[in-house]
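Subject: Structure handover

Hi,

Here is the structure for you to look through. My notes follow below it.

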Amino acid sequence: MSLAINYIANSLLILCLVTSIIQSRFLFKIKNYNLLSISQISAIQFLSILVSFVILIFLFITSDFNFDLVYFHSHSEKPLIYKLSGVWGNHEGSMLLWILILVLFNFLFSLSKSSSQKFKEITVAVQSLMIFGFVLFLLLLSNPFNINNENFNDGLGLNPILQDPLLAIHPPILYIGYVGFSLIFSLSITGLLTSEVDKKWATVAKPWVFAAWSFLTAGIALGSYWAYYELGWGGYWFWDPVENASLMPWLSATALIHCVVVLQRRNTMQSWTMVLAILTFSLSLAGTFLVRSGVLNSVHTFASDPGRGLFILIFLFIILSSSFLLFALKSERINKPSLHNISSRNTGIMVNNWLLISILIVVFLGTMYPLATDLLYNQSLTVGPQYYAISITPIIILFLFFMILSPKLSWEESKLLKILDGMRYILISCLTITFITTLYYDLFNVTEILIIFLSLILIMSSLTSGLNFKSTKVIVKSNFGQSMAHAGFGIFMLAVVSNAVYSQEKIYEAKVGSKLQLNEYIFDFKNIEKEEKVNFNSIKAYLSLSKNGKDLGGFTPEIRFYSDPPTITSETSIIHQFFSDIYVVMNVPQNQESISLRLHIKPFMNILWLGVVMIILGGIITAILNKKSYRENEIN
Amino acid sequence: MTDTVKKRLIKFLVSLIIFGIAILIIVYNLRDNIVYFYSPTEIIENNQTGSQIVRLGGLVESESVVSDGDSIFRFRITDGQQQISVKYQGILPNLFAEEKGVVVEGIYMNDGRFIANKVLAKHDENYMPPEVIKSLKETGKWQE
């Protein structure tokens, strides 16, 4: 039975390999027989991988331990959702998921009607060449369907810290983001090959770019939210190498989405758009696989295997060198002379592009420096979070300033004084609010005040530009997605700064019955209990929270002891209030009398996530509204 | 040299200079914020006492963990050759245990004690920080 499944799955992978070769024929001058259309062959590519993925899911659900992958990463007593997430909680399975998304994008694009036949053929051919490479890698070096000849009764289990509903959906969402940029990459290569990087190209690419960017943002946000409540360190971002590896393509992608808009409107910045498209995909590849390869020393590295890192580095090298060579040969031909005034929106967007790339360089150096010193001087070190805070803060201030200014500038030429005049109400009200908050909260740090002030202006000016307030009704304008995302970023920055300034933390060695205090909050430590669950045992503490005699709810922080594999995890307990999160973590009891409890007050966390959600929604809205707004602008 | 080439050259040089300065600032800032990692032997050899925050890693020596109450813990970190006494107030990570790998961050005092403000947690019970593996290999205490 297992052997039959193994044959079927491998045959399906080989079928995908063969169809991918057929699809890439458009890159070479091979006679076209047209037995099947491109979208039909793409459908075969997609279905072959989809079915093999479903087979893998089936193997995990039925706990077939004749397969190595299931044996090493699953356990028969695991709840269904974690059997499912075990499918991509390991190297081989996540590789198959990655390929599944790759063929899905290929298939969806082959169905789209926005581009010419020739353009579509070449794009699908480039994409298929990549599919070929990855499927070959999967078959030869990390086959998920390898079988063993032992008769194992049970599997080794999945790391309990990964047994979390959020972490079951985090990798697929993040991968859709990463892999989405493969299509942008293929589009760029096609654009360079045909020397057609223009308004038309941007119109074709725009919905895909925005969709991929939205998923990438959502993926990073989910990972960050998971770290916030699961790791129990009270923070949501640790500048850990793995987090940085996902932030770098995001920074480059954020620059890219703006360039695509400029290209669509003004038919300029062709070369820069191409560079960003290639860079974003390369960083996405590096992001996924350097994490998996174990090169980066991180708390997030789970399924690591250094042997495979080499293949990815070679693959990355081939992609980078060939695409930049192509770019060097063709960039002269795609560039049109740009005629724009210095005080136009182009300039503003260009400046912020440079600022995003500067942040990217800061993050890159911080991530790579420890690797370099380890290799060169055999000296182990880490880069403190302070480095990122100090380096990025001044860039963010400039970034916020240009984010406010750029949308106010027209594409032709604008008078700065006139813009200032148009914003006078916003400026005055924001200045007043900032002044009052500064006095009320005793804020004296200039950078903090400046960021709060600029964020406030950004929120207000973005919201007022996206909505048109007529006497009785509110009209949603075509730039609604943009203004929503920009306002979201303002809200996000506001929350980040306030959170950094007002977070509180205290550790107590507490006995049952004692009352603990942090600021005006009283924590009443009521009880401690042992519980037995299906796949773990736990110790649970019960606390209730009150403020000024008013009851605000209860906490149940928990320590879980898993048996397969044997691991201990802490479950944090959070009470979400509108303006602040109250957060309790408990320690593994060291003696019978008392336990250590860590209490946190994390202000503005809800508002921070609200900002992130607005950014993501803004991206999705722009991806969907793309065509409509383009037509609208043609009429204008 | 034509005008356009000249213009391009100037543009290129100016951006190179700006870029260079930016990188210098970043690297300078980076050097201020790095935290070095030492094994007990290295920290004694280098005599890294004083105000600088460093990381120290090795194995938690067996039967060395003492709880003083009030979440204060004392334990010794060893690499097989040297031991350092560590004092830490706070919550110990779940995977902290005797004879397991550990990395602490803090200050190495003049009297040879290490005052830790962080004990780093790792996810996996079999996980050994790569730095600790490296230093154990150097002292010959590493067993596969």
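In chain A, H6(A) passes H7(A) in a right-handed crossing (left-handed if the near helix is turned anticlockwise from the far one by less than a right angle, right-handed if clockwise). This is a predicted model: local features need pLDDT of at least 70, side-chain atom pairs count only at pLDDT 80 or more, and totals for chains, interfaces and linings use all residues. Residues are numbered from 1 along each chain as its sequence is written, while chains are lettered from A and ligands numbered from 1 in the order in which they are written.

H6 covers residues 117-141 of chain A and H7 residues 165-194 of chain A. Helices (H or I, at least four residues) and strands (E, at least two) are DSSP runs, numbered from the N terminus. The two helices pack at about 125°, axes 8 Å apart. H6(A) is therefore oblique to H7(A) (under 35 degrees is roughly parallel, over 145 roughly antiparallel, 65 to 115 roughly perpendicular, the rest oblique). Axes are lines fitted to C-alpha atoms, for helices over the stretch in contact, and angles run from 0 to 180 degrees between N-to-C directions.

On the H6(A) side, the contact includes Phe119(A), Ile122(A) and Met130(A). On the H7(A) side, Leu183(A), Leu187(A) and Ile189(A) are among the residues met. Contact means C-beta atoms, placed from the backbone, within 7 Å.

Now chain B. Its mean pLDDT (the predictor's confidence in each residue, 0 to 100) is 79, and 85% of the residues score at least 70.

For the complex, the predictor gives an ipTM of 0.76 and a pTM of 0.90.

Best wishes

Notes. Two residues are in contact if their C-beta atoms, placed from the backbone, lie within 7 Å.
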